[in-house]
Amino acid sequence: MHRLLLFVLLASWAAPGPAGAEAIAVDAAVVARHLAEAIRFPTVSHQDPERFDAQPFENLLDHFRATYPLVHERLTVERIAGYSLLLTWQGSDPELAPALFMSHTDVVPVEQEALKGWTHPPFGGVIEGDFIWGRGSLDVKSGVVGWLEAAEGLLAQGFEPARSLIFAFGHDEEIGGEQGAAALAATLRERGVKLSFLVDEGGFLSTDLGLVPGKIVAQINTAEKTYFTIHLTARSDGGHSSTPPAHTAVGKLATAIHRLEANPFPLRISQPVRDLFAALAPHLPLGRRLAVNNLWLTGRIVARRMAEDPLQAAMLRTTTAATMISGGVKENVVPKRATATVNFRILPGETPDDVLAHVRAVIDNPEIEIESDTWSQAPRPGRVDAFGYQVLTDAVHDVYPEAIVVPGLLLGATDTRHYADIADDAYRFLGGMVTRAQIPSIHGTDERIGIESLANAVRVQARVLQRAGEAEL
Ligand SMILES: [Zn+2]
């Protein structure tokens, strides 16, 4: 069982071609060129808002206007919060709740020191070998370009959806989406939109998961963890370090952090992970299948085995990470104050209040002040027996008939949380194939997407739009 859940973003080899019917004719070379062009606009989100440069965003939106003329002619195109895009493809049946397709146009910066590690310049938009190289090729200009390609192709062949299809592309996801996604969601909320379902970034196809070797697995993440940060402050009387108190502010803080690390949150198999096991079970060898089909009996052992690997442990508990610490001004001065920042990623079914209760109980020192940042609870897990999940599953099978489709839990956070109250079912999935070697390139060096993988993603996305545009049976 130890290797169970290697599916967490791991795979080892690339895509076979699609065998199913195509919704639209996709020319891989043309789509690759469109993405390469989009990569060349350095639409970077910086943590420091002073460093925001609007021009690349303007240029990217111009590029989209020129590249996707039918989308811009036939859909209602609105710019929200300056640089975010809201596109509405009006359906013929107003009774049907709209479906929403999301991505973001911003990317993370490339540090100066990291530049020399890149095979091609991160904003060069180079196509070489089987790949399109550059920042945003995976995260996630490929998503934006994919939805636009799919919509343009369907418009060209006269497709008319019964259900309204909405596209929301934020411009600041990498710094929390507080401008873009928040305003996009607020716009829909003000209009009284209630979504049938939404699809965001954060899931993909891969092969060779260790459990089902040689099989294509499509992971549709039905849930994500809640992002939550607290700040701890310890105080003490200052003074000369030659006559110190028993515990300085730094010492008290260190004890608090030690207690948090020594008392991790309990392991728990949450519903999205249960759903994942259920979907994987038929494809597992007998022993493992029995184990995951009988979690009432084996759950604790399965969880403990999996938790030996930190990556897998993150699927099974709310995680605690002390990430920043500061205090003191001089080596021979007792500090009056020391502070630390702790970041939690909370499992579905638990809340920031639960985390705070745990933190207070574990630190067990009223002298440590605990402050929390604002947070948004992750949306409820999307249902695997709902229309949206079926749409995605069928679209995957249209292009990859052999694929095993499984739900899952995304460990990172997406813009989805801004839409929690207007979508009952949120799914994180784009139809690209990603390999093990590509994973570290996301937010890292040599980010790249396979040309065929991108073309297949567009094929899947076109199928998703077609199927979503039809009435729910
Ligand atoms: Zn992203």
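The protein chain contains 13 helices and 18 strands, where helices (H or I, at least four residues) and strands (E, at least two) are DSSP runs numbered from the N terminus. Its radius of gyration is 24 Å, close to the 23 Å that the globule rule gives for 473 residues, so the chain is as compact as a globular protein of that length. The radius is taken over C-alpha atoms, and the rule is 2.2 Å times the number of residues to the power 0.38.

This is a predicted model, in which local features need pLDDT of at least 70 and side-chain atom pairs count only at pLDDT 80 or more, while totals for chains, interfaces and linings use all residues. Residues are numbered from 1 along each chain as its sequence is written.

Along its principal axes, the C-alpha trace spans about 80 × 55 × 45 Å. Of the 473 residues, 48% are buried, meaning that 20 or more other C-beta atoms, placed from the backbone, lie within 10 Å of the residue's own.

The chain is divided into domain 1 (28-223 + 378-469) and domain 2 (225-372), with bounds from an automatic or database domain assignment. Their centres, taken over C-alpha atoms, are separated by 31 Å. Where the domains meet, 15 residues of domain 1 are in contact with 17 residues of domain 2; contact requires C-beta atoms, placed from the backbone, within 7 Å. On the domain 1 side, strand S9 (216-224) and strand S16 (404-410) are the elements that give two or more residues. The largest share, 5 residues, comes from S16.

Notes:
Buried ≥ 20, exposed ≤ 12 C-beta atoms within 10 Å, placed from the backbone. Contact = placed C-beta atoms within 7 Å.
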